[in-house]
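The structure comes first, then the details.

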Amino acid sequence: MLSDDQVNEIIIEVENVPSGVQSHPSSNQIVPEKTLVNSSFSMVSSISDIGVTDSQSFSDWNDKKGRRLLWFPTSLNDSISQILHSPESLGTDIPCTSHENMQGQKLIASLIPMTSRDRIKAIRSQPRTMEEKRNLRKVADREKSKRSHGIFELSCCAQCLNSISLAYRRSKNSLSELLSSVSLWQKTLKVIGGKFGTSVLSYFNFLRWLLKFNIFSFIVTFSFIIIPQFTIAEKNTLPFTGLEFFTGAGYFRDTVMYYGFYTNSTIQHGKGGASYNMQLAYIFTIGVCLIICFFSLLFSMARYFRNNFINPHIYSRGIAKLIFCWDFTVTHEKAVKLKQKNLSTEIRENLSEIRQENVKLTLNQQLIRFSAHLAAWVVSTGVAIACCVAVYYLADNNSQFLQSHRNPGAVLLLPFVVSCINLAVPRFYSMFGLVERYEMPRHEVYILLIRNIFLKISIIGILCYYWLNIVALAGEECWETFVGQEIYRLLLMDFVFSLADSFLGEFLRRIIGTRVFTSLGLQEFDIARNVLELIYAQTLVWIGTFFCPLLPFIQMITLFIMFYVKNISLMMNFQPPSKAWRASQMMTVFIFLLFFPSFTGVLCIQAITIWRLKPSADCGPFQGLPFFIHAIYSWIDTLSKRPSYLWVVWIYRNLIGSVHFFFILTLIVLIITYLYWQITEGRKIMIRLLHEQIINEGKDKMFLIEKLIKLQEMEKRANPSSFPPERRNMEQPVSLHVREHDAARAPDLRFRRSVQEDNPRA
């Protein structure tokens with residue numbers, strides 16, 4: 001115990017009194033148990049938590065009434081004074097009073113008994129600068145570290161858990177800082193968001209997300225398929241002419257780029273070295289890659305759905321964040337201007353959306369708009385069907401065309417036609433906006449996404465039907481390599497057309513809009529068309545990874561180039577959207593479209609390839625097998641003869657190879673999706689009811705203010721001598737201002753009075 005001359009004058013008296021009773025601060029501060037402490041730091045804590053204390057930090061004893069008293073040491077007061085007596089910590093030049101020092105000591109006292117996590121959360125909630133929070137944390141940690149092994153002595157297990165928790169938190173923060181420091185294009189994305197808004201920014205965020213996706217896929221395939229094949233690869237004797245970059249044939253055919261180059265034997269270096277089954281490695285690597293992509297898409301959809309649809313703050317449109325929050329750690333002049341621009345863009349988007357939601361159309365306008373929508377849908381569907389018929393006819397006659405034309409460039413005819421359709425038809429769809437005239441830009445983007453996804457997925461479906469039902473069954477020599485070359489040409493031609501469109505098409509459109517027909521002006525960035533180009537290319541990559549394992553690497557390079565090309569074209573050739581709108585939910589829609597119908601269609605195609613098609617007899621790791629899946633069947637039969645591996649056989653037969661397991665898994669996913677949807681609807685209703693409650697409470701307050709003013713006026717008339725002249729002169733302008741405000745709200749107040757007269761409970 002400390003002696004009386006070693007402690008400060010501050011005393012906290014803790015007793016069991018009714019909640020809500022709190023005495024005024026004085027030199028001997030009395031705070032009842034289970035009562036909230038209000039300090040200059042806006043700290044909210046329970047003094048009842050200070051039931052047991054450190055003998056070095058402060059001591060406790062009982063007074064004559066049996067009440068517990070807490071005494072603080074002088075060292076703690078000195079530490080608090082260092083924080084509170086500095087003008088910077090208070091944000092003013094006026095020095096702290098003893099009352100503020102005393103409340104700072106109470107704050108430290110409430111922080112000491114807390115756990116590390118609770119203490120960090122409490123300090124973060126303080127409305128102070130980062131420097132003040134650091135000092136406050138240092139003082140609290142220093143006082144807590146002085147504790148003896150008395151009342152606060154922790155067990156060995158508790159100390160171990162605290163150490164593990166602290167190490168985990170520090171490693172998590174370090175990893176988060178590392179990932180944020182190596183994040184791609186962070187500054188560029190902030191500039192795009194500040195100038196063009198969140199709608200255009202969502203496209204670049206989606207492109208960056210796909211780039212990370214392909215980097216992971218390439219690492220997996222390169223590690224488990226390509227590197228082992230490199231160890232036994234023979235020298236390529238085919239000549240290289242340079243045309244292979246466009247056709248994908250010739251020299252590239254006998255490289256690790258295509259399926260036909262990989263061996264079907266077990267790789268083993270030396271007599272005693274480990275063996276590597278290439279068949280199992282190939283099929284398991286592709287399968288694991290698709291499974292990881294599946295769960296990554298589900299996780300990303302759930303995360304974005306939770307952030308953009310379920311969290312309640314999104315229904316308040318983030319007004320509090322935009323108006324009342326500012327990142328005071330931003331001190332650089334350019335960063336401050338960029339932050340201001342981002343905030344102004346977000347405010348403009350929120351206000352624009354509120355205004356657009358309040359627009360109401362007459363019956364005649366609704367009929368005209370419905371007719372325009374119906375006509376646009378009929379025309380767009382007809383154009384998509386005609387394009388699909390043209391692609392099917394061209395693909396069906398492609399083999400005869402290639403036999404009659406021996407020119408190496410003839411193989412580019414089908415990819416050229418498909419790329420022309422993918423470039424021209426989406427631009428034609430975008431022109432429908434001049435007729436349909438959606439009030440909400442988000443609705444226009446959604447409609448264009450649906451029309452474009454229907455066109456592109458239909459074309460991919462027709463091509464897959466051609467590859468799997470005509471090419472694979474026609475006895476083509478190494479048909480898997482031929483399919484891989486076709487997908488490579490489609491991907492490369494789509495990339496070339498995208499570059500040409502960015503460098504030539506968008507540039508010419510800017511010249512025409514600014515110099516020839518100035519009334520056109522600069523064009524706006526077409527989000528739907530550009531996003532569908534990414535989804536189309538990624539779908540081809542997923543389909544072709546089985547036939548061309550290097551496709552993720554090629555897609556990684558194209559996405560990296562496209563980011564810079566689109567960024568330069570955006571800054572030079574486009575203007576910000578004429579109708580500002582929030583696009584916080586667009587990433588969820590993009591990933592959903594990537595999952596369905598894109599990824600689900602890829603899974604169906606891969607399942608048909610592995611379970612229903614016969615591999616080539618002369619090339620590839622599965623040559624000589626009746627079906628691709630027989631490589632796994634043979635492996636399972638081998639493991640079933642080994643007792644130590646029977647658990648693998650059980651997992652395969654009861655989980656992986658069971659239809660019931662996937663049925664139950666699908667049912668669980670649907671139930672979770674339904675629950676998320678119901679939570680979203682419930683929170684929407686909750687937000688609406690809370691808004692109505694806030695409005696009603698505001699009306700009640702105005703009604704009570706009006707009654708209070710009338711009572712004051714009646715008291716003045718009844719006893720005018722009780723009010724000094726100075727007070728009457730001071731209250732006159734205030735009363736005048738309130739009367740003017742009440743006059744503006746008179747209809748609402750009369751309505752409130754009538755309701756309360758009819759319903760006394762209200």
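## Glu-533 and its partner

Glu-533 is buried, at 9% relative accessibility. Buried means under 20% relative accessible area, exposed over 50%, and partly exposed in between (1.4 Å probe, protein chains only). Glu-533 forms a salt bridge with Arg-529, with the closest N and O atoms 3.6 Å apart. A salt bridge here is a side-chain nitrogen of Lys or Arg within 4 Å of a carboxyl oxygen of Asp or Glu.

Both residues sit in helix H18, four residues apart, so about one helical turn separates them. Helices (H or I, at least four residues) and strands (E, at least two) are DSSP runs, numbered from the N terminus. Arg-529 is buried too, at 4% relative accessibility.

## Basis of the model

This is a predicted model: local features need pLDDT of at least 70, side-chain atom pairs count only at pLDDT 80 or more, and totals for chains, interfaces and linings use all residues. Residues are numbered from 1 along each chain as its sequence is written, and side-chain values use heavy atoms, leaving out hydrogens and water.

## Bridges to Asp-501

Arg-529 also forms a salt bridge with Asp-501, the closest N and O atoms being 3.2 Å apart. Arg-529 lies in helix H18 (residues 527–544) and Asp-501 in helix H17, so this pair ties together parts 28 residues apart in sequence.

Arg-427 forms a salt bridge with Asp-501 as well, at 2.5 Å between the closest N and O atoms. Arg-427 belongs to helix H14 (residues 413–430) and Asp-501 to helix H17 (residues 479–516), so the pair links parts 74 residues apart in sequence. Asp-501 is buried at 7%, whereas Arg-427 is partly exposed at 31%.

## The network

Salt bridges link Arg-427, Asp-501, Asp-526, Arg-529 and Glu-533 in a network. The whole structure holds 10 salt bridges.
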